[in-house]
Amino acid sequence: RHRNGLDPDRYDIHAVTLRPTSGASIDWPSERHHYFPIEPGLHFDKLLGLSKLMRHGDFDIVHSHNWATMLYGVLAARLARIPVVLHGEHGLNADDQRGISPKREMIATVIAHLTTRIVAVNDFIKTQSIDRWKIKPEHVVSIPNGVDLTRFFPNRPKEAADNELIIGTVARFDPIKNIRCIISGFDLFKQANPLHKSRLVLVGNGPLMAELQAFVATLKCAPDIEFSGETNQPEKSYSRFDIYVNGSFSEGMSNTILEGMACGIPIIASDVPGNRSWLEQDVSALFFESDNAQQLADCISVLANSPSKMQQMGNDNRRLAERNYDNRKFIQRYDDLYQQLLKKRQ
């Protein structure tokens, strides 16, 4: 009963979404999922309506995540006089990559000071939040993401041991994930290793799907690139992978990297602060300069030409996931934080 979340005898958890959800993006009981659509911008009637929903729900804790829900989530919770108001900061999204307006940053700074705590997914995001919003260090808590070790575990099927190297990624196909660089890196690896049997598997969907498919169609290695679509059972995809690649321009703490590690897979990741802050070069991951396809190809070659290194990194990653990122520890940290803050407000 505790495996997937907080104890239901002590917590009644509701999900409030401000944008439409589809596919595998949310799996929540309908009676506890409140779809409250709000268009971009500040709409005072919607703010009051959301505050009314929170007040009638008699919530004790409101926890927003990233800018998309920070504005309305925190303000509505304060209007509703919710005792504990948290904001989870996970890093930049696709829109943020183009630059954050001074106006938005000013508003975010005010809102950050209205929270009970900011919860960052790693120490890099914690430091970044303190610097950006000029808040006291004790106002920000760092709680790293966790992974369900009973769902994600080493499970490479025996029939797959046919000497084909499977390189994979699981992502939403939007600009910040930089899937095009992963494709280009694989293409360069294939050019340099024409006799090496290998395949790139891209799991996911998103606004860039058609563009990426058109790009792949121009490449000689197109037959070796597979778009397998969106899935609500990613563990089945990881079981195919020999190497997991993350090519993002920006990351907070990637859940898909964690899932790959829990499945005993070596990681190749873009050298951005959100990856560097918790992954170790040559131990849990090989790093390549963000958007440098040649460096990515070189990293693939290092692992492809050293099965023992690939096996060692995979084994180390599983042990690291067990030691530091077990989902049960993640849940316990949140349980402790929620109870501590509730007691202070009593």
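These legends accompany several close-up views of a predicted model.

**View 1. Helix 10 meets helix 11.**
Here helix 10 (residues 293–304) packs against helix 11 (residues 307–324), with about 100° between them and their axes 6 Å apart. The two helices are therefore roughly perpendicular to each other, since angles of 65 to 115 degrees fall in that class. On the helix 10 side the contact is made by V302, L303 and A304, and on the helix 11 side by P307, K309, M310 and M313. Sorted by class, this contact has 6 nonpolar residues, 1 charged residue and no polar ones. Keep M310 in mind, as M310 is also one of the residues in contact with D242.

**View 2. D242, a buried loop residue.**
D242 sits in the loop between helix 7 (234–238) and strand 10 (243–246). Is D242 buried or exposed? Its relative accessibility is 18%, so D242 counts as buried, the cut-off being under 20%. Beyond its neighbours within four places in sequence, D242 touches R156, E164, L165, I166, I265, P266 and M310. One of these, E164, returns in the salt-bridge network of the next view.

**View 3. Salt bridges at R199 and E226.**
The side chains of R199 and E226 form a salt bridge, 3.8 Å from N to O. This pair ties together distant parts of the chain: R199 belongs to strand 8 (residues 198–203) and E226 to strand 9 (residues 225–229), 27 residues apart. Through shared partners, salt bridges join E164, R199, E226 and R240 into one network. The structure as a whole holds 17 salt bridges.

D12 and R32 meet through their side chains in a salt bridge of 2.5 Å, N to O. D12 lies in the segment before strand 1 (15–17), while R32 is in the loop between strand 1 and strand 2 (33–35), so the pair, 20 residues apart, links distant parts of the chain. R32 has a relative accessibility of 30% and therefore counts as partly exposed. In the other pair, D174 bridges to R172, with the closest N and O atoms 3.7 Å apart. D174 counts as buried because its relative accessibility is 13%.

**View 4. Helix 5 and its buried residues.**
How many of the 14 residues of helix 5 are buried? The count is 10, so this helix is mostly covered, buried meaning under 20% relative accessible area. The buried residues are I179, C181, I182, I183, S184, G185, F186, D187, F189 and K190.

**View 5. Helix 2 and its packing partners.**
Helix 2 (residues 66–79) has 14 residues and reaches 20 Å from its first C-alpha to its last, close to the expected 20 Å. Its buried residues are N66, M70, L71, Y72, G73, V74, A76 and A77. What do the buried residues of helix 2 pack against? Their partners are helix 1 (44–56), strand 3 (61–65), strand 4 (84–89), helix 3 (102–114) and helix 4 (123–133). After the helix comes R81, with a positive phi near 60°.

**View 6. N275 in helix 9.**
N275 is part of helix 9 (residues 273–276). With a relative accessible area of 0%, N275 is buried. Leaving aside neighbours within four places in sequence, N275 is in contact with N246, E251, I257, A269, S270 and F287. For I257, the C-alpha to C-alpha distance to N275 is 9.2 Å, and the two are 18 residues apart in sequence.

**View 7. Two aspartates with positive phi.**
D58 is not a glycine, yet its phi is positive, about 55°. D58 lies in the loop between helix 1 and strand 3, and is exposed, with a relative accessible area of 62%. D282, also not a glycine, has a positive phi of about 70°. D282 is found in the loop between helix 9 and strand 12 (285–288), where its relative accessible area of 42% makes it partly exposed.

Notes:
Residues numbered from 1 in each chain as written. Predicted model: local features only at pLDDT ≥ 70, side-chain atom pairs only at ≥ 80, totals over all residues. Heavy atoms only, no water. Helix = DSSP H or I, 4+ residues; strand = E, 2+ residues; numbered from the N terminus. Buried < 20%, exposed > 50% of the residue type's maximum accessible area, 1.4 Å probe, protein only. Contact = heavy atoms within 4.5 Å. Axes fitted to C-alpha atoms, helices over the stretch in contact; angles between N-to-C directions. Parallel < 35°, antiparallel > 145°, perpendicular 65-115°, else oblique. Nonpolar A, V, L, I, M, F, W, Y, C, P; charged D, E, K, R; others polar. Salt bridge = Lys/Arg side-chain N within 4 Å of Asp/Glu carboxyl O. Expected span 1.5 Å × (residues − 1).
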